[in-house]
Amino acid sequence: MQQRRYDLDWLRVLAFGVLIFYHIGMLYVADWGFHYKSQYQSEVLQYFMILVNRWRLPLLFFISGVASHYLLHKYSLFDYAKKRTWRLLLPLLFGVLVIVPPQLFVEMTTNENLTLSYWQFYQAFFDLQHPLFINYQSGILPHMDVNHLWYLRELWCFSIILLFIHPVYVWLNVSTSMDRVWLKLGFLGVLFVPVMFLSVAAIGFFPTSSEGIRIAQGFCFFLLGYVIWQNKICWAFIQDYRRWSLVLAVISYLCLIIYYQFYLVTRIESLTGFYAALETILLLVNRWVWVLAILGYANAYLNRPSALLTYLADAVYPSYLIHQTVLIVAAFCLAPLLLGGMIESITVIVITVLSCLITYELARRISILKPLMGISKDTNKPNPAILNNACSAFAWLLILPLGLLIIS
């Protein structure tokens, strides 16, 4: 029986929390494209965004790889495929048809001076040949797109691919082979073997499009999580050398900022040959050492059960589904009020967090919404203590930015 990894549960919650704030940041960061941009934009915000965008998705895919191996260990291949399909594709379908369309409405209203009401827009949305969407044909069904829910689509694809990889993995006894690698190479193996794997994959096999690179890289980190999942030797090195990982992560971030500021944003042509490969390897080192540092500190300090964790872990999925639509619509509706960048952004944060909390509280009580919002457990009877702790956590989350605003 495999022991539950509470540290990874916490990291899943925190990673999705970072994702929500990252997408709020996309409203306000200058020079970066998004479905909707606030009139208040900051170039300084780019440095904070770069700090997290190197590891936020790799960390999520790594954790998903660990979780997938756990499910494959627990269920038959057929039950695993059935559970992953139901758990991922049903919320994805609901999201594409119900949750995502307001984002397109805001985008088209802003860019195309759309004058339709949302109800008129939504009726036209289901006509795949409607001329209104002639410039928005990059979706899975012409203009019907997954937007921020692409993670669910790719995670389902990766999970199905594992159906073919897992029997071979077990037959070849890869886990025992990896034990020998970690024992022989130590922390240097934990540091460099994954980077070598990622580098060979990126240089030799990744597609050239940005979306293709994102998907291929996500799959590689997904596989790393799958392979490392319960390897005690590897996890011991990750925890014991977490301080070194953090030092390397900070140094690599500072180097990346210098590279970004003085070269990347000003260069006209992309690198080729040796220099392109070197850039790829160094960027992958930056991603991996951040993941190692985060995993190490989480394993050392967060690997314990918590009532708050139980609540937040259930709330993550519905919050992920709705957050981007809420923050885009909120920013769009607040724009005419001319609140200023600080007040508007804090208001968007408050609206987004409260909307996520309210959506979860409603969905957990309405049976038909549970599978549509990714809630699989019986959570009809909330624990008051857990709810109070969650509310306190959200309250501090909102109070801290306001305190910083008053101090400044």
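This is a predicted model: local features need pLDDT of at least 70, side-chain atom pairs count only at pLDDT 80 or more; totals for chains, interfaces and linings use all residues.
Close-up 1. Residues are numbered from 1 along each chain as its sequence is written, and side-chain values use heavy atoms, with hydrogens and water left out. The buried residues of α11 pack against α2 (45-53), α8 (174-204), α10 (232-240) and α12 (273-301), where contact means heavy atoms within 4.5 Å. Helices are DSSP runs (H or I, at least four residues), numbered from the N terminus. Within α11, which spans residues 242-264, the buried residues are R242, S245, A249, S252, Y253, L256, I257 and Y260; buried means under 20% relative accessible area, exposed over 50%, and partly exposed in between, with a 1.4 Å probe and protein chains only.

Close-up 2. A pocket is an open set of points on a 1 Å grid over the protein atoms alone, where a 1.4 Å probe fits, with protein on both sides within 12 Å along at least five of seven lines, and lining residues have an atom within 4 Å of a point. The volume of the second largest pocket is about 1,400 Å³, a volume being the space filled by probe spheres set on the points. Its lining has 42 residues, of which R4, R12, A67, L71 and R87 lie nearest the centre. Helix α3 gives the largest share of this lining, eight residues, and the helices that each supply at least two residues include α1 (6-28), α4 (77-99) and α13 (307-334).

**Close-up 3. The salt bridge between D9 and R4.** A salt bridge is a side-chain nitrogen of Lys or Arg within 4 Å of a carboxyl oxygen of Asp or Glu, and the structure holds seven of them. The side chains of D9 and R4 form one, at 2.8 Å from N to O. D9 is buried because its relative accessible area is 17%, whereas R4, at 44%, counts as partly exposed.

**Close-up 4. The salt bridge network of R153, E154 and E211.** These three residues, R153, E154 and E211, are linked in a network of salt bridges. Between R153 and E211, the closest N and O atoms are 3.4 Å apart. This pair links distant parts of the chain, since R153 belongs to helix α7 and E211 to helix α9 (residues 210-228), 58 residues apart. R153 is partly exposed, with a relative accessible area of 21%, and E211 also counts as partly exposed, at 40%.
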